[in-house]
Amino acid sequence: MQEKIEQLLQEIENLTASAREEVEQLRLRYLSKKGVLSALFEEFRTIPNEEKRVVGQLLNELKTRAGQKLEELKASFEEGGEEDRSCLDLTRPTSQVRLGARHPLSIVRNQITGIFARLGYSVAEGPEIENDWYNFSALNFPAEHPAKDMQDTYFIQQNPDILLRTHTSSVQIREMERLQPPIRKIFPGRVFRNEAISARAHCIFHQVEGLYVDKDVSFADLKQSLYFFARELFGAQTRIRLRPSFFPFTEPSGEVDISCNICGGEGCTICKYTGWVEILGCGMVDPQVLANCHIDPETYTGFAFGMGIERITMLKYQIRDLRLFFENDVRFLKQFTGAI
Ligand code: PHE
């Protein structure tokens, strides 16, 4: 019987299977109740008692080994099988890794903050969910003022004091409440307005605003800073002009146009044949806004400006539909590969 066990052990060691179902058949043949091993255990009962110790041990070893071997065969199919492994070619080149591109809005935001960084501005950010004070009241928007209509937004129905910010001017207030002058900061971020979505407007867009408060800050400083900015972003040939405007939180207020960067001021469809395109709003910080933030308007003056990143990006890259920024179409996005 000992010989039989050894032969069987050899046989089991040499087992192979070319499919998972074959492993199951082998298991039935060797390990099931009617299998080869059960028969051996039957036979074991009949051998003389003095042989039982040695043979019993061998028989148990055989059973353990048969169980292991069948598990191994089964596992080889779960991992993809021996055949698959023989196909593994470690010298094959890997599939190409495709690098993405930065989103055009991020590229331009970085350019804008980079230019102002060189003028000594540091970046500050604030929450997108704001309350009425930071988005409106502290900025001199009276409760029922029509200027609020231009910045209609999304309110929380249960609590109209909480809203999605319509501009990053809210961060100006937060920073002025927190700090005393000199303050020289730039505020990039996402803003929200209740606007119908079209080629020129969206209910979500991005802004960069800036604020400079110190002793003796004048309108001439504002104008020169924005002139520097426009030339850095759009090229040294760029000219600017200021038109009077209104914002509740600046006095006087203005809007800045640049000479059209497409036609150079000659007149084209982008500038609607005027030679100028609007890029931002600005003005001297209203003394009441400084006082709202516990900054003494007798001692300090300041200027602020704000621009839409989508608008600047459209002008810079001649993009005609604002919705492209939000559609995640790779045919659009991959055109910005290589830009930083
Ligand atoms: N907050 C204004 C807007 O979103 C822009 C602005 C900022 C105007 C700072 C003047 C000064 O329209």
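A: A polar contact is a pair of N or O atoms within 3.5 Å; within protein, one must be able to donate a hydrogen and the other to accept it, and residues adjacent in sequence count only if both atoms are side-chain atoms. This is a predicted model: local features need pLDDT of at least 70, side-chain atom pairs count only at pLDDT 80 or more, and totals for chains, interfaces and linings use all residues. Residues are numbered from 1 along each chain as its sequence is written, and side-chain values use heavy atoms, with hydrogens and water left out.

H167 places a polar side-chain atom 3.0 Å from a nitrogen atom of the ligand. S169 has a side-chain N or O atom 3.0 Å from a ligand nitrogen atom. R193 has a polar side-chain atom 2.9 Å from an oxygen atom of the ligand. On its own, the ligand has 320 Å² of accessible area, and the protein covers 92% of that. Accessible areas come from the Shrake-Rupley method with a 1.4 Å probe; for residues, only the protein chains shown count as cover.

Now the whole shell. There are 15 residues around the ligand, and H167, S169, R193, Q207 and E209 come nearest. A residue is near a molecule or strand if one of its heavy atoms lies within 4 Å of it. By class, the shell has five nonpolar, eight polar and two charged residues. Here Ala, Val, Leu, Ile, Met, Phe, Trp, Tyr, Cys and Pro count as nonpolar, Asp, Glu, Lys and Arg as charged, and the others, Gly among them, as polar.

Next, the elements behind the shell. Helix 9 (169-178), strand 6 (204-214), strand 9 (276-285) and strand 10 (301-308) each supply at least two of its residues. Strand 10 gives the most, with three. Helices (H or I, at least four residues) and strands (E, at least two) are DSSP runs, numbered from the N terminus.

P182 is found in the loop between helix 9 and strand 5. The peptide bond from P181 to P182 is cis, with omega near 0°. K272 sits in the loop between strand 8 and strand 9. Its phi is near 50°, a positive value in a residue other than glycine. Strand 8 (residues 250-259) holds P252. The bond from E251 to P252 is cis too, with omega near -5°.

Last, the wider chain. The domain assignment gives domain 1 (2-86) and domain 2 (104-336); such bounds come from an automatic or database domain assignment. The C-alpha centres of domain 1 and domain 2 lie 79 Å apart.
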